[in-house]
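Take a look at the model below. The text after it starts with the contacts along the chain and then turns to the packing.

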Amino acid sequence: MIQNLGELYMVKWTTLLIPPTTLLIINIVGVVAGFSDALNKGYEAWGPLFGKVFFAFWVILHLYPFLKGLMGRQNRTPTIVVLWSVLLASVFSLVWVKINPFVNKVDNTLVAETCISIDC
């Protein structure tokens, strides 16, 4: 009887590893994507990039002890944690790209009316 009550308080720790791992993946991919975007856009894109990279490194730095503990246990890190984290990071990234909050919405009818030459 007492053994059955002890099982009620068992915690599945693998589910608690998924959100911080997802945050790490999103921030690391964001830093790489930010630098590649800045390289493609040129000189004007480097200024705004530094603020974003600073915040991403701030998050990664605060999650570094977690990452060190997770990677230190390579043989014991559950594969399901990595799979769920990559899946969630991919979904969040695709939703972010679809929402696209930092791009100005352009009215195509206004552009069509003002654009007459071939260089529009």
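Residues 24 or more positions apart account for 76% of the contacts in the protein with a separation of 6 or more. Contact here means heavy atoms within 4.5 Å. This is a predicted model, in which local features need pLDDT of at least 70, side-chain atom pairs count only at pLDDT 80 or more, and totals for chains, interfaces and linings use all residues. Residues are numbered from 1 along each chain as its sequence is written, and side-chain values use heavy atoms, with hydrogens and water left out.

The protein has six helices and zero strands. Its pattern along the sequence reads α-α-α-α-α-α. Both kinds of element are DSSP runs numbered from the N terminus: helices are H or I with at least four residues, strands are E with at least two.

Now the surface. The accessible area of the protein is about 10200 Å², and carbon and sulfur atoms hold 70% of it. Such areas come from the Shrake-Rupley method with a 1.4 Å probe, and for residues only the protein chains shown count as cover. Of the 120 residues in the protein, 17% are buried. Buried means under 20% relative accessible area, exposed means over 50%, and partly exposed lies in between.

Next comes helix packing. Two packed helices are described by the angle between their axes and the distance between the axes. Axes are lines fitted to C-alpha atoms, for helices over the stretch in contact, and angles run from 0 to 180 degrees between N-to-C directions. Angles under 35 degrees count as roughly parallel, over 145 as roughly antiparallel, 65 to 115 as roughly perpendicular and the rest as oblique.

Start with helix 2 (residues 14-41) and helix 5 (residues 79-99). They pack at an angle of about 45 degrees, and their axes are 8 Å apart. Helix 2 is therefore oblique to helix 5. The crossing of these two helices is right-handed, meaning that the near helix is turned clockwise from the far one by less than a right angle. On the helix 2 side, the residues that meet helix 5 are Thr14, Leu17, Ile18, Thr21, Thr22, Ile25 and Ile26. Helix 5 brings Val81, Trp84, Ser85, Val86, Leu88, Ala89 and Phe92. By class, this contact has 10 nonpolar, four polar and no charged residues. Nonpolar covers Ala, Val, Leu, Ile, Met, Phe, Trp, Tyr, Cys and Pro; charged covers Asp, Glu, Lys and Arg; the others, Gly among them, are polar.

Thr22 lies in helix 2. It counts as buried because its relative accessibility is 4%. Beyond its neighbours within four places in sequence, Thr22 is in contact with Ser85, Leu88, Ala89 and Phe92.

What does helix 2 do with helix 4? Their axes come within 11 Å and cross at roughly 110 degrees. The two helices are therefore roughly perpendicular to each other. Leu17, Pro20, Thr21 and Leu24 in helix 2 meet Phe66, Leu67 and Leu70 in helix 4. By class, this contact has six nonpolar, one polar and no charged residues.

Leu63 sits in the loop between helix 3 (46-62) and helix 4 (64-72). It is buried, at 18% relative accessible area. Apart from neighbours within four places in sequence, Leu63 is in contact with Pro20, Leu23 and Leu24. Leu63 and Pro20 are 43 residues apart along the chain, with their C-alpha atoms separated by 7.4 Å.

Finally, Asn27 is also in helix 2. It is buried, with a relative accessible area of 11%. Not counting residues up to four places away in sequence, Asn27 touches Ala56, Val59 and Ile60.

How values were computed. Buried means under 20% relative accessible area, exposed over 50%, partly exposed in between (1.4 Å probe, protein chains only).
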